[in-house]
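Subject: A structure for you to look at

Hi,

Here is the structure I promised to pass on. Please open it first, then read my notes beside it.

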Amino acid sequence: MPNAPKIIPISDLRQNASDVVKSVSSSREPVFITQRGRAAAVLVSMEVYKNAQHEMDILHLLARGEKEIEAGTGYELDDVLREADLYLEAAKR
């Protein structure tokens, strides 16, 4: 069974910001921040954020590729693989 999400009011974040950030960084689990009883923000570690951004970049590239295929345009496979290798190398840094 998945863990229940950690939810804290913004007042707790104000009082214990350092502890909350340490917890998020070490656990890699998001913390949901509420304001006036409603969801207002989500705090995630930098590592989780970077991974999510990387995944979004890949999804955007795939979507662009699908549109190019539908339009009958595109690139040679060797060129695409070469560019993908460069992209993956850059992501490792």
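Does glutamate 89 count as buried, partly exposed or exposed? At 42% relative accessibility, glutamate 89 is partly exposed. The cut-offs are under 20% relative accessible area for buried and over 50% for exposed, with partly exposed in between (1.4 Å probe, protein chains only).

A word on the source: this is a predicted model, where local features need pLDDT of at least 70 and side-chain atom pairs count only at pLDDT 80 or more, while totals for chains, interfaces and linings use all residues. Residues are numbered from 1 along each chain as its sequence is written, and side-chain values use heavy atoms, leaving out hydrogens and water.

**Salt bridges**

Side chains of opposite charge can pair when their charged atoms come close. A salt bridge here is a side-chain nitrogen of Lys or Arg within 4 Å of a carboxyl oxygen of Asp or Glu. By this rule there are four salt bridges.

Glutamate 89 takes part in one of them, with lysine 92 as its partner at 3.5 Å, N to O. Both residues lie in helix H4 (residues 77–92), three residues apart, about one turn of the helix. Helices (H or I, at least four residues) and strands (E, at least two) are DSSP runs, numbered from the N terminus. Lysine 92 counts as exposed, at 66% relative accessibility.

Another salt bridge joins arginine 64 to glutamate 68, with the closest N and O atoms 3.9 Å apart. This pair sits within helix H3, four residues apart, again about one turn of the helix. Arginine 64 is partly exposed at 45%.

Glutamate 47 and arginine 28 also form a salt bridge, their closest N and O atoms being 3.7 Å apart. This one links distant parts of the chain: glutamate 47 is in helix H3 (residues 46–71), and arginine 28 is in the loop between helix H2 (17–27) and strand E2 (31–35), 19 residues apart. Both are partly exposed, glutamate 47 at 44% and arginine 28 at 38%.

**The nonpolar core**

Which residues make up the largest nonpolar core? The five are Ile8, Val20, Val24, Val31 and Ile33. H2 and E2 are the elements that give two or more residues to this core. A nonpolar core means a set of buried Ala, Val, Leu, Ile, Met, Phe, Trp, Tyr and Cys residues joined through side-chain atoms within 4.5 Å.

Leaving aside neighbours within four places in sequence, valine 24 is in contact (heavy atoms within 4.5 Å) with Glu29, Val31, Leu43, Val44 and Ser45. Threonine 34, in strand E2, is buried at 17%. With residues up to four places away not counted, threonine 34 touches Ile7, Ile8, Pro9, Ile10, Ala39 and Ala40.

**The largest pocket**

A pocket is an open set of points on a 1 Å grid over the protein atoms alone where a 1.4 Å probe fits, with protein on both sides within 12 Å along at least five of seven lines; lining residues have an atom within 4 Å of a point. Of its 16 lining residues, Leu61, Leu62, Arg64, Gly65 and Val80 lie nearest the centre. Helix H3 gives the most to the lining, with eight residues.

Enjoy exploring!
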